[in-house]
Amino acid sequence: MRRPQSLRGRIVLAAVGAVAICGILAGGLLLAIIQRDGRNRVDDELRQRAEQILRRPPDRDAYGHRGPRGGEPLLRGSGTFAQVAYGGQVVDRTGDVPASPPGVPRDDGLATMSIDGEPWRSLTFTVADAGGARLQVLSSLAPVEERVSSIRRLVLLLGVSALALTALAAWGFTTLAVRPLARLRAGAARVSGARDLSTPLPDDGPDEVRSLAGALNGMLARLGASTAATERALEATRRFAADAGHELRTPLTAMRANLDTLARNPDLPPAQREALVADMTAEQDRMVHLLEGLQALARGEAAESLPRERVELGDVLDAAVHGARKRHPEVRYELAGRVDEGTVDGWEGGLRLLVDNLLDNAALHGREAGGSVAIGLEREDGRLVVRVEDDGPGIAAAERGRMLEPFARGNGARPDGTGLGLAIVAQQAALHNGELRLGDSSRGGLAVEVRLPAA
């Protein structure tokens with residue numbers, strides 16, 4: 001038999017099967033009890049009839065033996081008969097004697113036997129004051145069997161009716177029970193694209209359906225977040241290509257002009273030739289820095305998919321200051337407000353990128369000759385505060401918000417900058433649930449604070 005494929009059909013089949021098993025067990029037990037009670041009543045009647053026969057005056061047969069003739073009126077028409085045996089031989093029978101009566105058994109007590117294919121109940125005992133005569137009283141069990149058979153048919157009819165009603169009720173109730181699943185399926189069918197991932201599935205109904213809907217909504221949320229991260233990565237790639245093409249056009253044009261000048265004038269004086277080569281070298285350095293900055297922005301926009309770990313921020317600061325001193329040997333870096341221990345949950349590469357750009361930005365936009373940069377790490381209200389100050393001209397308060405956008409430059413900015421430093425810092429601060437603040441430095445320039453949640 002093939003199992004139903006639908007949940008409704010399986011529930012109906014399970015309900016009908018459970019009712020059938022319970023009905024078979026209950027019906028079998030009921031019939032066994034009725035049959036036992038019927039036989040017990042027959043046994044009680046056999047004892048009573050035997051006592052009544054013994055209390056009546058006995059007759060004597062042709063051999064002078066005491067017989068049960070006095071009990072014949074008690075047995076006639078009752079489906080019961082009695083017989084007496086002496087020395088193992090039946091000498092008299094009375095009552096409703098069947099066509100093939102059995103012999104009197106040698107053992108006393110109650111017993112069930114078959115006579116002419118029908119069950120009978122027998123009570124045998126020895127009559128002590130009758131010369132060792134043995135009296136056997138037998139009663140047909142046909143009425144008991146007929147009653148059991150009648151009840152069996154009734155139980156079978158009721159059982160079949162109960163199974164039919166159970167199937168109909170289970171089908172109806174299951175229809176109501178699976179409606180939340182149908183709504184859940186309809187909601188899932190509406191999810192046909194990435195734009196539909198933000199639409200939650202209905203979570204009403206039983207606990208199991210609500211649990212399933214919650215798991216599916218969680219899966220959709222994760223898929224939506226993953227899709228959004230992929231879209232951001234693709235958008236970052238497209239923006240990288242567009243920004244690179246736009247920003248590299250000018251330095252490449254200048255380099256091509258210098259190369260053309262060198263090609264057309266092979267006899268240029270060495271001083272002019274060296275000036276053109278130096279200019280092209282500066283443009284090449286600027287393009288390298290520009291590409292590195294664009295690449296950093298693109299990595300940052302896809303950083304949500306990168307693994308996070310606990311990062312010791314003090315170690316990141318030490319490594320960043322050491323690298324900045326090599327890149328800008330003319331700038332003096334001073335450590336202030338240092339804490340020995342401070343960890344954050346984040347991407348170590350992104351945190352290093354944040355600090356490197358803070359230090360490079362302070363070096364490029366600080367005082368040109370003999371400048372200094374102060375860097376500190378402090379703990380305030382459960383947050384770790386990285387503070388970098390320079391001694392340059394600073395940024396006017398009205399322009400500070402615009403400086404966080406890519407390629408934004410302030411008035412009087414140096415030409416060797418890329419306009420991406422503070423944009424990268426703002427991006428990484430946001431990715432690490434931090435806060436970026438621009439203010440005035442006590443040294444006269446710009447003060448930048450990044451507040452990151454401590455682990």
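1. Basis of the note. The structure is a predicted model, in which local features need pLDDT of at least 70, side-chain atom pairs count only at pLDDT 80 or more, and totals for chains, interfaces and linings use all residues. Residues are numbered from 1 along each chain as its sequence is written, and side-chain values use heavy atoms, with hydrogens and water left out.

2. Helix α9 (residues 421-431) is largely enclosed by the rest of the structure, because 9 of its 11 residues are buried. Here, helices (H or I, at least four residues) and strands (E, at least two) are DSSP runs, numbered from the N terminus. Buried means under 20% relative accessible area, exposed over 50%, and partly exposed in between (1.4 Å probe, protein chains only). The buried residues of α9 include Leu422, Ile424, Val425 and Gln428.

3. Leu431. This residue lies in helix α9 and counts as buried at 16% relative accessibility. The C-alpha atoms of Leu431 and Gly350 are separated by 8.7 Å, although the two residues are 81 apart along the chain.

4. Helices α7 and α8. The axes of helix α7 (residues 313-327) and helix α8 (residues 348-365) come within 9 Å and cross at roughly 40°. This makes α7 oblique to α8 (angles under 35 degrees count as roughly parallel, over 145 as roughly antiparallel, 65 to 115 as roughly perpendicular and the rest as oblique). Axes are lines fitted to C-alpha atoms, for helices over the stretch in contact, and angles run from 0 to 180 degrees between N-to-C directions.

5. The contact of α7 with α8. Contact means heavy atoms within 4.5 Å. Among the residues that make it are Leu313, Val316 and Arg327 of α7, and Leu351, Arg352 and Asp356 of α8. By class, the contact has 10 nonpolar, no polar and 4 charged residues. Ala, Val, Leu, Ile, Met, Phe, Trp, Tyr, Cys and Pro count as nonpolar, Asp, Glu, Lys and Arg as charged, and the others, Gly among them, as polar.

6. Aromatic pair. Rings of Phe, Tyr and Trp (its six-membered ring) pair if their centres lie within 6.5 Å; planes under 30 degrees apart count as stacked, over 60 as edge-to-face and the rest as tilted. By this rule the count is 1 aromatic pair. Phe81 and Trp120 form it, edge-to-face, at 5.5 Å centre to centre with 75° between the planes. The pair links distant parts of the chain, with Phe81 in strand β3 (residues 80-86) and Trp120 in strand β6 (residues 118-126), 39 residues apart. Phe81 is buried at 0% relative accessible area, and Trp120 is buried at 6% relative accessibility.
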